[in-house]
Structure formats: C-alpha cells, structure tokens
Amino acid sequence: MKNFLYDIGSKTAKKTALNVEFDLLRSSEGDNATVAALPFYYSDEMFLNSACGYNHKLCILSLGLTMTTFAVGNEGDEHVRKALIGMGFNESSIKSRKFDKTKPINDSCAYAFAVKKLAGTDQKLLSVAIRSHRYGGEWVSNAHVFSDKYPGYAAGFKSAADKVYSALRKYISEQKLDKSKLKIWVVGFSRGGAISNNLGHLLNSGLGIKKDNIFVYTFAAPNTVEDKNWVYYDNIFNVLSEMDVVPRVPLRSWGFRRFGTDLRLPCESRRGTECYTERLGVMRERFAEIMQAIDTPDNTYEPYKEQEKVLDMLIAYSDKLFPSLDKYAQDGYQSFIMDYMSGKIYGSAVDMRRFIRFLVDGDEEFAEELCGMLEQWDSMGAMQKAQSIGGLNLKITSMLKKHLSGDTAPALEMLSLGLGVLAHYAARLTADKVTKSGQDNYYELLIRLAVDAYHVAEHSPVLMQHWPEVYLAWLLSGDEKTLYRTDGYRRLTIK
C-alpha cells in the first residue's frame, strides 16, 4: 500500500513516531460498505505543545481516528480499538460504550476512551473518539434541535455530549488520572463532530484542566449552539466544506453556530477561480491516491462549478420554509423529520425515493408521478419537463386545499416549496434563450443536484461532499496556510 501521508523518518521525530494502519469504512459503498485500511502518522510530539495552536498533522490524524469509529453490522468497537492500540494506548484502559449490536436510542452516542503515557514526560493522554457514522437510531437525534431542556443549544447534540461528559468524568476518577498532568484529545465527524464540539465546551468550562491541554478537532460538524450561549475557544478547530450541506444546519438564520474556530476548505466563489482551480487539482490527486489505496479507484471527485452558490440558494429556500426555530419545532416539522429518520436504521444519506414517498404517504399515484419525472429527467425535452412540472403543481395545489392540517402541513408545505422551485425553473426554461440570465444556470444546477441525488444518492456531487475521504483529500492537499479561510461565513445572494 502506498504511504502517501507522512514519512516517519523525520530527524526530529521521537521513537514514538510511527505509521499506524487504521481500518476505515468505505463511504463510496453506501449501505453495503466494507472496510479498507490506510496508514496514518502518529507521534507523541503532537501533544507536547499547546492545544491552542493548530497542528495540521494532528488534524489529519484526528480525522483518521474518527473514521475508525464507523462500524458495519456487529463489528462494534473493533476498528477504533485497533487504532488506539496501534498508537500505543493501553489496551486495558480502553472503555467503549454503545458500540454493541443493540439498537441505540435517540440523543445518545457511542464513544471510546483510552489512556497512554506520553514518552519522555510525566503526562498522560486521554483519547475521546465519538462514533460518527453508522449509529443506528441515534441518527434521529440530528433533527432534534429544539427542547425546553436545552435552551440555546441543538438539543440532540447537547444531550449526547452531556452524557459523554458525565461518563468521562467518571472514567478519569476510575483511572485515578491526575488532571494537572492530563491531556485530552477529542475527535468527531458529522454528528460526532457536533457532539465533540459541545464536549469541547464542557471540558473547557468545567473540568478543571487548562485549555492548553484540551485538543478538539471536528470535521463536517453541524451547528451546535445559539449566539446567546456561544463562547470562543481557541483550542477547538472545526474543519468545514462550504459545498457540504451538513455544516449548514441547524440554520444560521436561527442563530446557530459552533464553538471554536471554523476552518473553511476551498471553494471557487469564496477563494477565486484561479486559486481554487490550483488547489482542486492537488486535492483530486490526493483523492485518487486514497481511493486507489482503499481499492475503489473507479471513484472520481467532480464537483459542479460554483456548487456552493447553489447550496446557498437551497439554504435560502430553507430559511423561507423555516423562518424561525419556533416554526420548525411547533408547527410539526421537527417531529415529522424525526419520524422519517427513525426509519433509516443505519444513518445513511437521505434516500430521495423513500423521502418523496414519505412526504406523500397515502397518495401513491402522486408519488409515482413525481418519482417518474425525476427518473426520466435526462431523457425529457424542455417542453415535456415544463408540462410535467405544471401538472404536478396543479395537483399539489389541490392537495393543499383539501388536506392542509396540523398532521399533514409539514409534508405538503415542503412539497409545495420544492415544486415551486421546479415551476420557477420551468418558466425560465421555456423563456427566450437570448434573455436567459445567470440565475437560470443556478436553478438548473439545483435541480441537477436533486436529480443526481435521486439516482445515485451518496455518489451524487452534493452528497459526496460529506464523504470523510473528500475531507481527508483536502487536508492532504496542503497546509493551514494554503487551505483555510477563517473569516466569518457570508452567504452569497443569487438574484
């Protein structure tokens, strides 16, 4: 296997520097995923400096460790345990929870703790790896944003983080760890990243350990906390892609954000075409190397041009549908989406076929017509598309008049908004091509992304942005000086 990460022959590396082979779940295989392996560089030296300074090698290692928490079937903690032992953590110190085959409950998470002595010091390192994919019924908690019990926080993430924090305090006591000589390393991806972000806040504010000794690295993490409860921590680093929809929710318009520093990976509209194209070329080389190493060389990274602008448009429509957290929670959207997610046992990306049928439960004819249009989209001409969209909009208008109630309003309103986007596109599609504005391209691309997601799910350009392999390829393509933007997020308005 090609060692494309880091050379362990560094003259400054201690004897504890080594390459560790991590078993990882292949994201490209969806619900049929199997395990592959990649080498990652580890050294105790990564933890000898202050956690308040970003360490790019540690960031890459952190993503690797969190990827070992993904599990298939009844494997449990097998892969994360192997990774921890490979880095020199004491096997007898490893404690994991909720990695077993039983169905997990909402607002909880699996995790693994382990301890090791840092070579040449009297200090110990405590690793906290949060399971970040394949988490069963825990996936429902992603949509659990509002709760009276957790005002000012995304409830599902906060509740899970509180449980981990309580368990961690107990673990420290049981292991008789001296807090004055203890360093903590927390990692998580996606939902696991949001939980890790909350956990970083709890550790910084209540554990009694200096912030210089609390290392928190999250990846593709959703937003976790409202502005009113936000605190800045310079030892929490959140690596994000603006082409990935997951870090955009819960909505910023509701006041949600993340603790710590957001490190935004390159995208064209924020970085500029020349710079982005250069960085993208290197990233694609690293991605090809990763996919070759894990025996899936047929996957290529081909994002659409200015895809992040189309995502901005999608979020703008979401703001219109959910103008406030109160509407989301009190008008039935939260419970409706959680009901859908409860049927997705493995926590995979949204299956659009299944979601459409869930939206129009009880009207199979309408579901078949809508799904049929998406399935035949690429073979349809412009006028046929416009006519199909017009017919569907007439039907949804009739459905809205007849069935709009507390139980059905979320589904029908979501359908209505989606078909409204299609209608806007259809009107432009049949207009004079000479007067076509730039906005037409964005609407066309938004629908293209939806059609791709319908047909190929995780392999679509929009859902692929959430692959950990994509994040890893970006990290391997440069360093903190060439990769990140750290200025505040600004959504671009498309008029």
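1. The expected span of a helix is 1.5 Å times one less than its number of residues. Helices (H or I, at least four residues) and strands (E, at least two) are DSSP runs, numbered from the N terminus. This is a predicted model: local features need pLDDT of at least 70, side-chain atom pairs count only at pLDDT 80 or more, and totals for chains, interfaces and linings use all residues. Residues are numbered from 1 along each chain as its sequence is written, and side-chain values use heavy atoms, without hydrogens and water.

2. Helix α6 covers residues 273–293, 21 residues in total. From first C-alpha to last it reaches 30 Å, close to the 30 Å expected.

3. Buried means under 20% relative accessible area, exposed over 50%, partly exposed in between (1.4 Å probe, protein chains only). Among the buried residues of α6 are Tyr276, Leu280, Met283, Phe287 and Ile290. Viewed down the axis of α6, the buried residues fall within an arc of 135 degrees, so they line one face. That arc is taken from the directions from the helix axis to the C-beta atoms. Exposed Glu274 and Glu278 sit on the face turned away from the buried side.

4. What do the buried residues of α6 pack against? They pack against β2 (35–42), α5 (268–271), α15 (468–476) and α16 (480–483). Contact here means heavy atoms within 4.5 Å. Asp295 follows α6 and has a positive phi, near 65 degrees.

5. Check the loops too. Val249 to Pro250 is a cis peptide bond, omega near -15 degrees. Pro250 lies between β9 (236–240) and β10 (256–257).

6. Ala220 is not a glycine, yet its phi is positive, about 55 degrees. Ala220 belongs to the loop between β7 (214–219) and β8 (225–226). It counts as buried, at 0% relative accessibility.
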